[in-house]
Amino acid sequence: WKFGALVIIMSHWMGCLWGFTALSVCSPGEACDNDTWLTALSKPHGELLTGFDIYAASLHFAVMTATSIGYGDIGPQTILEYVVCAVLMVFGGAMWAFII
């Protein structure tokens, strides 16, 4: 059960950090002209994302990064996002190193 709890907690915090990276530039429910992973995700659909949508997408990215699956549907768009993404990859690797 410790393994499952660690994966859930790490995924949550990694997702929160990833979501906050985009929200530090754009607010949920508002149009944003800055190029972030959030605008890249929402522009093709032409819709504004809710707070839950952002959390779900962030959690999806965190799980895909931590498990090294990486579908490629969400990716960094700015230098800050590349740095945060690299840090999240290190966290994911450290988590698996600790578990194994």
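**Helix contacts**

A: This is a predicted model. Start with α1 and α4: Phe3, Leu6, Val7, Met10, Met14, Leu17, Trp18, Thr21 and Ala22 of α1 meet Leu80, Glu81, Val84, Cys85, Leu88, Phe91, Gly92, Met95, Trp96, Phe98 and Ile99 of α4.

Q: How do the residues in the contact of α1 with α4 divide by class?

A: There are 17 nonpolar residues, two polar and one charged in the contact of α1 with α4.

Q: At what angle do the axes of α1 and α4 cross?

A: Roughly 175°, and the axes come within 10 Å. Angles over 145 degrees count as roughly antiparallel. α1 and α4 are therefore roughly antiparallel to each other.

Q: Zoom in on Thr21. Buried or exposed?

A: Thr21 is buried, at 5% relative accessible area. Thr21 sits in helix α1.

Q: What does Thr21 touch, leaving out residues up to four places away in sequence?

A: Leu80, Glu81 and Val84. Those three are also among the α4 residues that meet α1.

Q: Switch to α3. How many residues does α3 have?

A: Helix α3 has 16, residues 51-66. From first C-alpha to last, α3 reaches 22 Å, close to the 22 Å expected at 1.5 Å a residue.

Q: Which residues in α3 are buried?

A: Ile54, Ala57, Ser58, Phe61, Ala62, Met64, Thr65 and Ala66.

Q: And what covers the buried residues of α3?

A: The cover includes α1 (2-23), α2 (37-42) and α4 (79-99).

Q: Take α1 first. At what angle do α1 and α3 pack?

A: About 125°, with the axes 8 Å apart. α1 and α3 are therefore oblique to each other. The crossing of α1 past α3 is right-handed.

Q: Which residues make that contact?

A: On α1, Ser11, His12, Met14, Gly15, Cys16, Trp18, Gly19 and Leu23. On α3, Ile54, Tyr55, Ser58, Leu59, Phe61, Ala62, Val63 and Ala66. By class, the contact of α1 with α3 has eleven nonpolar and five polar residues, with no charged ones.

Q: Now α4. How do α3 and α4 pack?

A: At an angle of about 55°, with their axes 8 Å apart. That makes α3 oblique to α4. α3 passes α4 in a right-handed crossing.

Q: Which residues meet there?

A: Phe61, Thr65 and Ala66 from α3 meet Cys85, Leu88, Met89, Gly92, Met95 and Trp96 from α4. The contact of α3 with α4 has seven nonpolar residues, two polar and no charged ones.

Q: What follows α3?

A: Ser68, which has a positive phi, near 65°. Further along is Gly72, in the loop between α3 and α4.

Q: Is Gly72 buried or exposed?

A: Gly72 counts as exposed, at 65% relative accessibility. The C-alpha atoms of Gly72 and Phe61 are 9.0 Å apart in space, and the two residues are eleven apart in sequence.

Q: We skipped α2. Where is Leu38, and is Leu38 buried or exposed?

A: Leu38 is in helix α2. Leu38 is buried, with 7% relative accessible area.

Q: What is Leu38 in contact with, leaving aside neighbours within four places?

A: Ala22, Leu23, Leu49 and Ile54. Ile54 is itself one of the buried residues of α3.

Technical notes. Residues are numbered from 1 along each chain as its sequence is written. This is a predicted model: local features need pLDDT of at least 70, side-chain atom pairs count only at pLDDT 80 or more; totals for chains, interfaces and linings use all residues. Side-chain values use heavy atoms; hydrogens and water are left out. Helices (H or I, at least four residues) and strands (E, at least two) are DSSP runs, numbered from the N terminus. The expected span of a helix is 1.5 Å times one less than its number of residues. Buried means under 20% relative accessible area, exposed over 50%, partly exposed in between (1.4 Å probe, protein chains only). Contact means heavy atoms within 4.5 Å. Axes are lines fitted to C-alpha atoms, for helices over the stretch in contact, and angles run from 0 to 180 degrees between N-to-C directions. Angles under 35 degrees count as roughly parallel, over 145 as roughly antiparallel, 65 to 115 as roughly perpendicular and the rest as oblique. A crossing is left-handed if the near helix is turned anticlockwise from the far one by less than a right angle, and right-handed if clockwise. Ala, Val, Leu, Ile, Met, Phe, Trp, Tyr, Cys and Pro count as nonpolar, Asp, Glu, Lys and Arg as charged, and the others, Gly among them, as polar.
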